Amino acid sequence: MRVLSIGLNPSLPSVAAGFYFANPRNRFWKALNASRLIRAPVEPGPGAMRLLLEHEGMGFTDVVKRPTRGAADLKAADYREGAPRLLGLLETFHPDYAWFHGKVAFKQFVRHAGLVCDEDVWGRQVLSIGTTRFFVTPNTSPANAAYSLETLVSWFNALADDSDIHPDQDLPA
């Protein structure tokens, strides 16, 4: 797996639709399709999730698996349960990059997984687990409107550049 996309927790619209970032106001799919992270645009839906995993080496998960209307509805117990589960996934599957959508997701993971990373920056983090590197981009949620679509695309492209993921590359066999 090249990239494991990690959100904070599933939204209620995503659970109902059966795929990540399903809220039509969420800018994830627009930013992804406009970025260099994938070879060709994809239509949001369950099929896109399968295609991205099989053809782009991109998987999806969350720090917390409990769906809520918003981040404010999460409790410390949710992070205490979710962070070790996510750490186990990273240690089992060894993605090249753990891509966190938002500093809150990253910080809560680090804190509740018992890791140490004092950085408060966007982009590549100093933290790594084995061969897995960490990258943090602004959250694409409609609740995070402070970042324009153009800014989000630039951060997605920064991940593509940092990881040498480009549309003209083939996945390793």
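1. Phe100 and Phe134 are both buried (under 20% relative accessible area with a 1.4 Å probe, protein chains only; exposed is over 50%, partly exposed in between). Keep in mind that this is a predicted model: local features need pLDDT of at least 70, side-chain atom pairs count only at pLDDT 80 or more, and totals for chains, interfaces and linings use all residues. Residues are numbered from 1 along each chain as its sequence is written, and side-chain values use heavy atoms, with hydrogens and water left out.

2. On to the rings: the whole structure has 18 aromatic pairs (Phe, Tyr or Trp ring centres within 6.5 Å, using the six-membered ring of Trp; planes under 30 degrees apart are stacked, over 60 edge-to-face, the rest tilted). Phe100 and Phe106 make an edge-to-face pair, at 5.3 Å between centres and 75° between planes. Both Phe100 and Phe106 are buried. Phe100 and Phe134 are stacked, because their centres are 5.9 Å apart and their planes at 25°. Since Phe100 is in strand E3 (residues 97-101) and Phe134 in strand E5 (residues 132-137), that pair ties together parts 34 residues apart in sequence. (Helices, H or I of at least four residues, and strands, E of at least two, are DSSP runs numbered from the N terminus.)

3. Now helix H5 (residues 103-112): its buried residues are Ala105, Phe106, Phe109, Val110 and His112. They pack against E1 (3-7), H4 (76-93), E3, E4 (123-129) and E5, with contact meaning heavy atoms within 4.5 Å. Just after H5, Gly114 has a positive phi of about 75°.

4. There's also a cluster, with ring pairs linking Phe19, Tyr20, Phe21, Phe28, Trp29, Phe60, Trp99 and Phe156.
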